[in-house]
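Colleague: I'm new to this one and would like to learn how to read its helix and sheet packing. Could you walk me through it?

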Amino acid sequence: MRQLQPVRDDLPRVCDLQRGRRRGDRGGVVVKADPAGVLTGAHYLDGDFACGEGAMAAGCRFVAGYPITPSTEVVERISRRFPVMGGTFIQMEDELASMAAVVGGSWTGTKSMTVTSGPGFSLMMENIGLAAMMETPCVVVNVQRGGPSTGLPTMVGQADVMQARWGSHGDYEIIAMSPQSPQEAFDLTIDAFNLSEIYRVPVMFLMDEIVGHMTERVMIPPAEEIEVIPRALTAKTREEFLPYQINGKPTPEFARAGDGYRFHTTGLTHDERGYPVMSAECQETCVRRLLDKITDNVDEIVRFEEEATDDAEVVVVTYGITARVARLAIDMARRRGVKVGSLRLIVIWPFAEKRIRELAGKVGAIVVPEINYGQLVLEVERCAGGKCPVLPVSHGGGSVHDPAVIAEVIAQAAAAAA
Amino acid sequence: MSENKVGTRTDFPPTPPEFLPDAVSEHPPEHPVTPYLRMERIPHVWCPGCGIGTVVKCFASALERSGADLDKVSVVSGIGCSGRAAGYLKLDGFHTTHGRAIPFATGLKLGRPELEVAVFSGDGDLSGIGGNHFIHAARRNMDLLVILINNFIYGMTGGQNAPTTPLTAKSSTMPFGNFEEPFNIPHLAASCGAPYVARWTCLHIRRLTWAIEEALDRKGFRLIEVIAPCPTLYSRLNKLGTGLNGMRFYHDNAEIRHGADTRELDIDFQKSITCGKFVDEQKPTFLDRMDEHYGRVLGDKYVPMPVEGGWLQ
């Protein structure tokens, strides 16, 4: 039995790293969190609870969900705390209904979220597409388990990466992020809500079962230290307002149901008025912008954490819980004399394409451990474009990698590159 | 319980008067429901003889009569012919995914409790793909007005069998006649606890308008089923003639029985259609129950979602 080293206590706080970075994105429309939703203090929470606390701190006040392991603790936390802060939780009849209700809830201006795991995520895809087409800000938490189908309900997986990106039909862009610890589950959930408000997209929050169920210290700052982006409501009059007019901005201005704008919105291809138009031209303007608003702002959205990549022979690309496991593997490889760096993806979609291209041009090899049989590694390979070998370390789920296996692949990669 | 059978008229349709009253002037007066419609979207997609437009007109008239604050009325539709209604009404309108109009509307209602949320969709959308949402919204007594237009068939996709297609009626996927037991929609709603259940045909424009007006004044899950002709598909496949023939059929075969036992409301192929108001009772809605329960259990600590929604800053 291998002796596992204690996990390092100096995991960076994404909130600290990124604080201030997004300020000014919308001309300074950043406000402080509502204290009613912020449980300030040091807590001992699992990732699911921390995610729920992050949502409440971000101002989420409507959650519709359907129970599924291993995500259920998020809504259990929320359903206990919502009644004392003016929020509504409803347990819907299924995931299709949950996601539809979240899209409806968000059109009232109320920040809305749903929580699920792989099989439920599949059922939500129809209305995730609707949210993308209607440009509805919302957060979809997916605590991943092993699949396909019912798979491994209580055990870890990271195999919904491609589903998060391409799960619904048609062309659209979403944002997906993946925390590595309960602390990040808290910090990044706030970020997920903020990004969904800025870009008016559903944001996929890809946890995994281990982050969801691991219990660690979580520091929840005072409300005045949490920056929240509120729904930017239009100031136009009813006569001037068109629900999908952009005026050079990445997203249109928002009017919520009940404010007298009497707008129309549809999942059909639509013009600036929100009216269906069945033509190739309208499809081009309508759908192209759904893609452009993300792809034009990749540098603003993408987030990663890098370590010792300057003179690295091998770089390990990780995300979620795999990043924590790979730390041990990297230490093992370093003890064997390999110059190995690390790139941890915090935002998975849009992909950190630029940085990976740069790294591929100067390192000998890239190693991608992930708890699936090869999903994100394809994207890394695409970006590497043959400039360096890309080695997957695949694991079907049910547990995390054995760090020694990752270390072995790193050593092989280094030997081959030398 | 009143019983009132519609008499059979032999002079239907009535002979038009010899002189039309100054109808053809250069500036015809605006139709009374024009302010409720997105006139720039007209002409609509519905076929000649279709009943959906009539129901939209009844809905608009009912809104006018009810004096509802139109800024606070949202209309949610699913997919299909009836699903296009949200696109023609000048209200906050949401044209959503197939079968999910009710859960979408649930989100709107819970996100901003002050809204009057109406779901306007078809039988396939609400009772087929959306059947599960329908029964659960009725069970919860979610505060929604649901107008279900039943033309016995999937119209927009080409006349396939619906969960409401009567036995022996033909559809494009039951070319030898339907052998599946159809839904009795009012009974389905009533048995799940809906506090307001009515059925009319789109010939009954005044009664339907009154029913919608009355339902707008109620709370909870209110279901109005409207039987409407689909001349292009249902009538053609079943050799039932034009939209006008459909109206004649309703005229001769609609029987008004208020308070009828919902178990007896099955619709057989080309047999009588029982119309009327079957259930009208007061029951606490989902939000009433939630507020009452949390208020009792949590006391002063309970903070209900503000009526204007949970948008805080």
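Colleague: At what angle do helix α2 and helix α3 of chain A pack, and how far apart are their axes?

Modeller: Before the numbers, keep in mind that this is a predicted model. In it, α2 (residues 47–57) of chain A and α3 (residues 72–81) of chain A pack at about 45°, and their axes are 7 Å apart. Angles under 35 degrees count as roughly parallel and 65 to 115 as roughly perpendicular; α2(A) is therefore oblique to α3(A).

Colleague: Which hand does the crossing of α2(A) and α3(A) have?

Modeller: The crossing of α2(A) and α3(A) is right-handed.

Colleague: OK, and which residues meet there, α2(A) against α3(A)?

Modeller: From α2(A) you get Asp48(A), Phe49(A), Cys51(A), Gly52(A), Glu53(A) and Met56(A). Facing them in α3(A) are Thr72(A), Glu73(A), Val74(A), Arg77(A), Ile78(A) and Arg81(A). Sorted by class, this contact of α2(A) with α3(A) has five nonpolar, two polar and five charged residues.

Colleague: What classes of residue make up the contact of α11(A) with α14(A)?

Modeller: First, the names: α11(A) brings Val325(A), Ala326(A), Leu328(A), Ala329(A), Ile330(A), Met332(A) and Ala333(A), while α14(A) brings Pro403(A), Ala404(A), Ile406(A), Ala407(A) and Ile410(A). By class, that contact has 12 nonpolar, no polar and no charged residues.

Colleague: Now the sheet. In what order do the five strands run?

Modeller: The open sheet in chain A goes β13-β15-β14-β17-β18, with mixed pairing. Its edge strands, β13 (304–307) and β18 (390–394) of chain A, each pair on one side only. On average, neighbouring strands of this sheet are turned by 20° against each other, direction ignored.

Colleague: In which sense do β14 and β17 of chain A pair?

Modeller: Strand β14 (residues 314–318) of chain A and strand β17 (residues 365–370) of chain A pair in the parallel sense, over three bridges. As an example, Val315(A) has Ile366(A) as its bridge partner in β17(A).

Colleague: Which strands does α11(A) touch on the sheet?

Modeller: α11(A) packs on the sheet and touches β13, β14, β15 (340–345) and β17 of chain A. The direction of α11(A) makes about 175° with that of β15(A).

Terms used. Residues are numbered from 1 along each chain as its sequence is written. Chains are lettered from A and ligands numbered from 1 in the order in which they are written. This is a predicted model: local features need pLDDT of at least 70, side-chain atom pairs count only at pLDDT 80 or more; totals for chains, interfaces and linings use all residues. Side-chain values use heavy atoms; hydrogens and water are left out. Contact means heavy atoms within 4.5 Å. Helices (H or I, at least four residues) and strands (E, at least two) are DSSP runs, numbered from the N terminus. Ala, Val, Leu, Ile, Met, Phe, Trp, Tyr, Cys and Pro count as nonpolar, Asp, Glu, Lys and Arg as charged, and the others, Gly among them, as polar. Two strands pair if DSSP finds at least two bridges between them. Axes are lines fitted to C-alpha atoms, for helices over the stretch in contact, and angles run from 0 to 180 degrees between N-to-C directions. Angles under 35 degrees count as roughly parallel, over 145 as roughly antiparallel, 65 to 115 as roughly perpendicular and the rest as oblique. A crossing is left-handed if the near helix is turned anticlockwise from the far one by less than a right angle, and right-handed if clockwise.
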